Amino acid sequence: PDVFLQFLRYLYCDDTNFRDVNNAIAVWHLADKYDLPSLANECLNFVEAAMEPLNAFQVIPYARRFNHEGLENVCWEIIDYNAQEIVVHKSFLDLKHEYLLPFLQRSSLRVNEISLFKAVDSWAAKRCEESNMTVDGANKRSVLGEDLLKLIRFSLMSPREFSEVVMPKENLLTTELIDVFKWFTSVPVPAGGLKFTSLPRAVLKQNIRFSSLDLGYSSLNKLPAFLVRKSIELCGVKIIMKPSQSYYPSLFVFQREKKIRQIKSKIVTRDRRKRQSNDD
């Protein structure tokens with residue numbers, strides 16, 4: 001009744017007030033049934049804006065039902081970017097096989113491969129329990145099948161991760177274990193190479209915070225300096241100073257001793273701001 005009331009409210013008042021994503025989808029059903037594209041767009045806009053990473057998989061069936069490829073693409077983009085959060089959440093264990101397969105196929109997932117393997121192994125263990133099967137390596141392998149197992153990118157793990165986490169689960173055959181270790185040691189793998197996908201996935205972005213202990217100082221004017229091994233995205237810089245300090249610093253970004261850009265910022269101390277305020 002409350003969904004139908006929202007539907008009538010839009011017809012007579014041209015107004016929407018969705019409670020959550022599920023509520024908007026329920027109204028979308030009526031908009032689709034009675035051919036109201038304007039209301040359907042209202043529902044779509046709300047779903048796209050309010051969708052959380054953990055319910056993106058739940059929205060995909062509706063995107064397909066309403067034949068809205070754009071919404072499904074949005075769902076997968078959210079899943080890609082938040083894959084690390086998704087695989088460690090308990091809801092991942094209830095994911096349907098039809099979505100787990102395309103999920104593992106995606107090279108755009110921002111996830112640690114070892115975390116992904118743990119999640120898939122737990123998913124297989126739960127399927128065994130639901131079928132009253134013994135939870136062991138052989139049964140988990142049969143539940144996963146070759147189509148899912150070969151999508152785990154063991155080559156992206158470190159040898160230590162593979163030895164300490166993957167091997168004890170006993171999901172792989174002895175020949176497969178040997179092939180992976182050959183890959184780690186750059187030994188040619190016979191019979192067509194490694195059977196598991198070895199394509200890289202998207203880089204898992206991390207927030208890095210530097211303290212004064214992490215910084216070195218260049219010989220030029222004692223400027224703080226640090227080096228990174230990989231490209232980073234600089235989202236913001238916060239400089240904390242003693243109240244007595246006041247100056248106009250500049251942030252220089254170098255690449256192999258070449259200055260590629262300079263960012264200037266004006267910093268005014270608390271005392272100085274107070275004096276300016278009194279003068280005003």
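Guide: A salt bridge is a side-chain nitrogen of Lys or Arg within 4 Å of a carboxyl oxygen of Asp or Glu. This is a predicted model, with pLDDT of at least 70 needed for local features and 80 or more for side-chain atom pairs, while totals for chains, interfaces and linings use all residues. Numbering runs from 1 along each chain, and side-chain values use heavy atoms, without hydrogens or water.

Let us look at helix α8, residues 113-130 (helices are DSSP runs of H or I, at least four residues, numbered from the N terminus). Start with lysine 126. Its partner is aspartate 94, and their closest N and O atoms lie 2.5 Å apart. This pair links distant parts of the chain: lysine 126 sits in α8, but aspartate 94 is in the loop between α6 and α7, 32 residues apart. Lysine 126 is partly exposed, at 24% relative accessible area (buried is under 20%, exposed over 50%, partly exposed in between; 1.4 Å probe, protein chains only).

Arginine 127 is buried, at 15%, whereas glutamate 130 is exposed, at 51%.

Helix α8 also gives cover. It is among the elements covering the buried residues of α9. Those buried residues include Arg141 and Leu144. Finally, step back: the structure holds 14 salt bridges.

Conventions: Helices (H or I, at least four residues) and strands (E, at least two) are DSSP runs, numbered from the N terminus. Contact means heavy atoms within 4.5 Å.
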